[in-house]
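Hi,

Here is the structure I said I'd pass along. Have a look at it first, and then read on for my notes.

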Amino acid sequence: MGRILAASLTPLTSDRSIDHARFAEHIRWLLQNGCDGIVLFGTTGEGNSFSVEERMAALDALVGAGIDAGKLVVGTGCCALPDTVALSRHAMQHNVEAVLVLPPFYYKNATDDGLYDTIAGLIEKVANPDLRIWLYHIPPMAVIGYTADLVARLAEDFPQAITGVKDSSGDQPHTEMLNERFPALSIFAGTEGFLLDFLRKGGAGCISATANVTAPLCAQVRDSQDSDEAKALQQRLGKVRLAFQKYPATAVLKAYMARQTSHAEWAIVREPLSPLDTALLAELDAALEGFL
């Protein structure tokens, strides 16, 4: 069947602190409108713009507000291994589904051996047999990434801990290659742009930024993948994705949420990002007309 996970936005208040109440409200909406799970503090969620303490406090608040931690995947990858360990250990204390781990992205000459040592060190230091790691491959942003050979090495040496990959390479053949090579892992596309094809090839699903607004349509594709209408639904979904991806992802999605919910603070982003020029929403609306 496959799964739809939203790479959740992180709503902020006027002083750019995390709005815990609106965060919980948004996640409830996503889970009630097609999402099988939620990724917190990924790229779209501005994860690396928040401190370790802010991210922990947000997860505490979400669970305290009644959000099912088993539906959550927490982005924990940082440049400093002790920060990744602290975030991952905290996430597992809440029994989240998994942690999504970026490679330590500052040093662009990091080798496969260095990245292997990072993940091995994470597993050793968290020291929790329930730890589940999804490797976050996003070279367009991080530059470095997890090669297929490194994924194979990690999956072989740590089969209980390494359970998935989010491939945000933007390269459909690469995502499909990972899915074919690693049938024991959950391989997620970083876009819903080719969701139907990927589900039909046995892919685990998608973890998508635009699912913050397209979750119901993503769910229609997932639920109708064996029907005659699936192709038309996927074409519509693809049009929506293309319309949004012409703009900076977090800024445009937050601006759209601000307009749709009538909560102006939704448009606030954390530095170093800049808010979207709201005049561009009219251009976006024209591209979305008839599709969303």
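Predicted model: local features only at pLDDT ≥ 70, side-chain atom pairs only at ≥ 80, totals over all residues.

Let's start with the barrel. Eight strands close up in the order E1-E2-E3-E4-E5-E6-E7-E8, and the pairing is parallel. Going from one strand to the next, the twist averages 25°.

Strand E1 (residues 3–7) runs parallel to strand E2 (residues 37–40), and three bridges join them. If you want a landmark there, Ala7 stands opposite Val39 in E2. On to the next pair: E6 and strand E7 (residues 186–189) run parallel and are joined by four bridges. Here Gly164 has Ser186 in E7 as its bridge partner. E6 is also mostly covered, since five of its six residues are buried.

That brings me to helix H4 (residues 112–126), which packs against E6 among other elements. H4 has 15 residues and spans 21 Å from its first C-alpha to its last, close to the 21 Å expected at 1.5 Å a residue. Its buried residues are Leu115, Tyr116, Thr118, Ile119, Ala120, Gly121, Leu122, Ile123 and Val126. What do these buried residues of H4 pack against? The list is H3, strand E4 (98–101), strand E5 (133–137), helix H6 (148–157) and strand E6 (162–167).

Next, a helix pair. Two packed helices are described by the angle between their axes and the distance between the axes. For helix H2 (residues 52–64) and helix H3 (residues 81–93), the angle is about 10° and the axes are 10 Å apart. Angles under 35 degrees count as roughly parallel, and H2 and H3 are therefore roughly parallel to each other. On the H2 side, the contact is made by Val52, Arg55, Met56, Leu59 and Asp60, and on the H3 side by Asp83, Ala86, Leu87, His90 and Ala91. By type, the residues of this contact divide into six nonpolar, one polar and three charged.

Most residues other than glycine have a negative phi, and most peptide bonds are trans.

- Asn95 is not a glycine, yet its phi is positive, near 60°. Asn95 sits in the loop between H3 and E4 and is exposed, with a relative accessible area of 56%.
- Val143 is not a glycine either, and its phi is positive at about 75°. You'll find Val143 in the loop between helix H5 (139–142) and H6, where it is exposed, with a relative accessible area of 52%.
- The peptide bond from Glu271 to Pro272 is cis, with omega near 15°. Pro272 belongs to the loop between helix H11 (249–261) and helix H12 (280–288).

Cheers

Notes: Residues numbered from 1 in each chain as written. Heavy atoms only, no water. Axes fitted to C-alpha atoms, helices over the stretch in contact; angles between N-to-C directions. Helix = DSSP H or I, 4+ residues; strand = E, 2+ residues; numbered from the N terminus. Parallel < 35°, antiparallel > 145°, perpendicular 65-115°, else oblique. Contact = heavy atoms within 4.5 Å. Nonpolar A, V, L, I, M, F, W, Y, C, P; charged D, E, K, R; others polar. Pairing = 2+ DSSP bridges. Expected span 1.5 Å × (residues − 1). Buried < 20%, exposed > 50% of the residue type's maximum accessible area, 1.4 Å probe, protein only.
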